[in-house]
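Hi,

Here is the structure I promised to pass on. Have a look first, and my notes follow below.

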Amino acid sequence: QQIIIPARCIVLLPDNVRAADACLVEPLAVAAHGLRMLDLKPSSRVAIVGAGAVGLAAAAILTPHVGTVHIAARHPAQQEAAQRIGADLDPSGEYDFVVECAGNSAALQQAARLCKPGATILLLATYWDGVTLPAFEVSMKALRIQASFMYDRQGLVRDVDIAAQLLAQRPELPGLLITHRLPLDAAADAFAIAANRQAGAIKVVLEP
């Protein structure tokens, strides 16, 4: 019921961020950590494959600063959220950067197809079962693959603090990404809902 943690692990929330929405700091930090590894410019063309919480978080970070952000979203709830965040759907053509957030071989193959020669694929997903690398396309296009995992700090600035500020700057995000809120005693139902993306789940939150 209680836990003691070091003060250095605390994330201070801006005044306009509710504690009930602070769970979004985590996926935003994952996306921010990976994206800061890239040499992005306002003129960059970026595609995102996968529109779960991390993919949509990446879109939320990118859309105010990058002119072209397209996202491959499979389900209607994801598509609606992506468009309201400011991204366009159905990537086509060639991109400077492709952010892979789905975590499977088919998504990685799609990412490679969307890359222009010399482009970079950013791996933001978790690859529990491994993937098959589309090695021929990666080699023929001389693609770069940048892997990223979770978050850390750059100098004195932590990714989680950047994420908290991003959440303050885009106060509409909780209403777009958090689709379900359930009490702790409904944990089994929450996991079942989260597994059914076709039914509209994006971020499912358990609340004490």
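Let's start with the second largest pocket: its lining divides into nine nonpolar residues, one polar and two charged. (Ala, Val, Leu, Ile, Met, Phe, Trp, Tyr, Cys and Pro count as nonpolar, Asp, Glu, Lys and Arg as charged, and the others, Gly among them, as polar.) Among the lining residues are Ala32, Arg36, Lys41, His65 and Leu166, and the elements giving two or more residues are α1, α2 and α6 (159–169). This pocket holds about 200 Å³ of space.

Before going on: this is a predicted model, where local features need pLDDT of at least 70 and side-chain atom pairs pLDDT 80 or more, while totals for chains, interfaces and linings use all residues. Numbering runs from 1 along each chain as its sequence is written, and side-chain values use heavy atoms, with hydrogens and water left out.

A pocket here is an open set of points on a 1 Å grid where a 1.4 Å probe fits, with protein on both sides within 12 Å along at least five of seven lines; lining residues have an atom within 4 Å of a point.

The largest pocket has a volume of about 1100 Å³. Its lining counts 38 residues, with Gly52, Ala53, Cys101, Ala102 and Arg197 nearest the centre. Elements giving two or more residues to that lining include α1 (25–35), α2 (53–62) and β10 (203–207). By type, the lining has 23 nonpolar, 10 polar and five charged residues.

Helices (H or I, at least four residues) and strands (E, at least two) are DSSP runs, numbered from the N terminus.

Cheers

Note on methods:
Points joined across faces, edges and corners; volume = space filled by probe spheres on them.
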